[in-house]
Amino acid sequence: DRIAAEDRCHLNGLAMDGNDLRYATCVGKSNVSDGWRDHRQSGGILIDIPTNETIVGGLSMPHSPRLYDGRLWMIQSGTGEFGTVDLNAGKFEPVCFLPGFARGLSFVGHHAVIGISLPRDNSSFNDLALNERLEQEGASPKCAICVVNLKTGDFEHQLTIEGAVSELYDVALLPNIIRPAALGFKSDEISHTIRPELSETLGADLDRS
């Protein structure tokens, strides 16, 4: 009923249509602090922002709605499923299963790039269909970046991440970057990393060579 410094419904996903807000996801239609935790199994909803109407319900921890190639894509983190939304029928249609708690979605060509995480040691991840599905498939959860073929649903590539990092919250693609690097804020490395601008004279010399 108002904006408050509380996590009531766990509003966690946003789909843009160009520059316009279009769809949002939340874990539950709760109006009390932490009330969403009681709706993790099947209380998630997809909201049409312009009309403020719920267009899909019965979801398990929906996340990362995205409009791409004329379709609305989304993740059900609670079931480990990636798929599309039939807006006319108000139904989520799975494309593939991902062996981890999925969050974060980007696209390149006819592939989706999705982040999956290890479960936390708290109640947020208990009693989810994801855990039963992992056991059924004989799989262990992992922290990884996955690449899914949108045409076939095949899990074509993965980059497994081990060590201190156990959770991914989002993924973003950086086109035309050959040697990406990330600098943290916990060390003084960022203070000593300098990238000088290329002078016009040096640039001209390099072009001639």
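Arg133 is partly exposed, with a relative accessible area of 26% (buried means under 20% relative accessible area, exposed over 50%, partly exposed in between, with a 1.4 Å probe and protein chains only). This is a predicted model, in which local features need pLDDT of at least 70 and side-chain atom pairs count only at pLDDT 80 or more, while totals for chains, interfaces and linings use all residues. Residues are numbered from 1 along each chain as its sequence is written, and side-chain values use heavy atoms, leaving out hydrogens and water.

Stay with Arg133. What does its charged end sit over? The ring of Phe97. The distance to the ring centre is 4.4 Å (a charge sits over a ring if NZ of Lys or CZ of Arg is within 6 Å of the ring centre and within 35 degrees of the ring normal). Arg133 also forms a salt bridge with Glu137, with the closest N and O atoms 2.9 Å apart (a side-chain nitrogen of Lys or Arg within 4 Å of a carboxyl oxygen of Asp or Glu). The two partners are four residues apart in helix 1 (residues 129–137), which means that about one helical turn separates Glu137 from Arg133. Helices (H or I, at least four residues) and strands (E, at least two) are DSSP runs, numbered from the N terminus. Glu137 is partly exposed too, at 43% relative accessible area.

Now step back to the whole protein. Three helices and 12 strands make up its secondary structure. The C-alpha trace spans about 65 × 40 × 40 Å along its principal axes. Of the 209 residues, 37% count as buried.

Return to the charges. Side chains of opposite charge can pair when their charged atoms come close. How many salt bridges does the structure hold? Seven. One of them joins Arg8 and Glu6, at 2.8 Å from N to O. Arg8 is buried, with a relative accessible area of 12%. Glu6 is partly exposed, at 37%. Asp1 joins Glu6 and Arg8 in a network of salt bridges. Another bridge pairs Asp34 with Arg37, where the closest N and O atoms are 3.6 Å apart. Asp34 is partly exposed at 35%. Arg37 is partly exposed as well, at 31%.

Turn to the rings. A search of the whole structure finds three aromatic pairs (rings of Phe, Tyr and Trp, the last by its six-membered ring, with centres within 6.5 Å; planes under 30 degrees apart count as stacked, over 60 as edge-to-face and the rest as tilted). Tyr68 and Phe107 are a stacked pair, 4.3 Å centre to centre with 5 degrees between the planes. This pair links distant parts of the chain. Tyr68 is in strand 5 (residues 62–68) and Phe107 is in strand 9 (residues 101–108), 39 residues apart. Tyr68 is partly exposed, at 24% relative accessible area. Phe107 is buried, at 15%. Trp73 and Phe82 are stacked too, with 5.5 Å between centres and 15 degrees between planes. Both Trp73 and Phe82 are buried. Ring pairs tie Tyr68, Trp73, Phe82 and Phe107 into a cluster.

Arg103 lies over the face of Tyr169, 4.4 Å from the ring centre.

Phe92 lies in strand 8 (residues 91–97). Is Phe92 buried or exposed? Its relative accessibility is 9%, so Phe92 counts as buried. Phe92 and Leu130 are 38 residues apart in sequence. In space, their C-alpha atoms are 16 Å apart.

Next, the cysteines. How many disulfides are there? The count comes to zero (a disulfide is a pair of cysteine sulfur atoms within 2.5 Å). Cys26 is in no disulfide, and the nearest cysteine sulfur, that of Cys9, is 4.3 Å away. Cys26 is buried, with a relative accessible area of 2%. Cys96 is in no disulfide either; the nearest cysteine sulfur belongs to Cys146, 8.2 Å away. Cys96 is buried at 11%.

Which residues make the nonpolar surface patch of about 250 Å²? Leu14, Met16 and Leu21 do. Patches are made of residues with over 30% relative accessible area and no salt bridge: like charges are joined within 9 Å, nonpolar side chains (Val, Leu, Ile, Met, Phe, Trp, Tyr) within 5 Å. Accessible areas come from the Shrake-Rupley method with a 1.4 Å probe; for residues, only the protein chains shown count as cover. Met16 is found in strand 1 (residues 11–17). Met16 is partly exposed, with a relative accessible area of 37%.
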